[in-house]
Amino acid sequence: MIAGHLSGWPRGGFVGVDVFFVISGYLITGLLLREAERAARVSLKSFYARRARRILPASLTVLAVAAVANQVAFSGARVREGVSAIWWALGFAANIHFADTGTDYFQATRPPSLVQHFWSLAVEEQFYLVWPLVIVLVVALVGRRRGPAATRRVLFVLALAATAASFAYAVSQTKSDPTAAYFSTPARAWELGVGAVIASALAHYPQRAGRLGWGRP
């Protein structure tokens, strides 16, 4: 991905973001499922504390440097645009901002925002405002009465349904509004959802996962 951004080679390096979303959905879902089975509950407080410790130090540092560079390197409207984008990125909503302003991620003639890359982090964090809460509710309503196996089955069905709906939305938006399709969380959620589907399926069938050469998430 880095080489693709810097030099344009290899072509299609942006697909790395799609792979990143799938892996992220897989790892986080597996982590929360293991916690649910071990403790019969999922702590949202602990989950978000871990996310904050992992994400905030680096992201706040980058945003601070970007804010200084924006003031030093640019002038006029470009400064105002940069400040606005930085505030949106600080709120993990950069993808909403870039979709709203009609940003073309692949446009080579216009200099990109200093924080344009924060759009993918925003998608991920928005997804994780919803999916862990769904897992908490399923564990509370299903798992405590019917056990871990029922929890995994319900989560698999929910993840599969949400993934299918998101993919259908992404396809329709790609035709009518490609910018929104590229940046929006509903259109990107299917990629994280694929990871969640795989994680919940492998957690339910660990023996089959082993035969396929997959490690348990």
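Hi everyone. Let me start with a definition: a residue is called partly exposed when its relative accessible area falls between the buried class, under 20%, and the exposed class, over 50%. Keep that in mind while we look at this structure, which is a predicted model.

Take Ala164 to begin with. You'll find Ala164 in helix H7, which covers residues 148–176. Its relative accessibility is 46%, so Ala164 counts as partly exposed.

Now, how about Asn70, buried or exposed? Asn70 sits in helix H3, residues 44–73. With a relative accessibility of 2%, Asn70 is counted as buried, because the cut-off for that class is under 20%. And who surrounds Asn70? Leaving aside residues up to four places away in sequence, Asn70 touches Arg78, Val79, Gly82, Val83, Ile86 and Leu114.

Let's finish with a pair of helices. H6, residues 118–146, packs with H9, residues 185–204, at an angle of about 70 degrees, and their axes are 10 Å apart. That angle is why H6 counts as roughly perpendicular to H9. The crossing of H6 past H9 is right-handed.

Which residues make this contact? From H6 we have Trp119, Val123, Gln126, Phe127, Tyr128 and Trp131, and they meet Thr185, Arg188, Ala189, Leu192, Gly193 and Ala196 of H9. Sorted by class, the contact holds eight nonpolar residues, three polar and one charged.

Notes. Residues numbered from 1 in each chain as written. Predicted model: local features only at pLDDT ≥ 70, side-chain atom pairs only at ≥ 80, totals over all residues. Heavy atoms only, no water. Axes fitted to C-alpha atoms, helices over the stretch in contact; angles between N-to-C directions. Helix = DSSP H or I, 4+ residues; strand = E, 2+ residues; numbered from the N terminus. Parallel < 35°, antiparallel > 145°, perpendicular 65-115°, else oblique. Left-handed = near helix turned anticlockwise from the far one by under 90°. Contact = heavy atoms within 4.5 Å. Nonpolar A, V, L, I, M, F, W, Y, C, P; charged D, E, K, R; others polar. Buried < 20%, exposed > 50% of the residue type's maximum accessible area, 1.4 Å probe, protein only.
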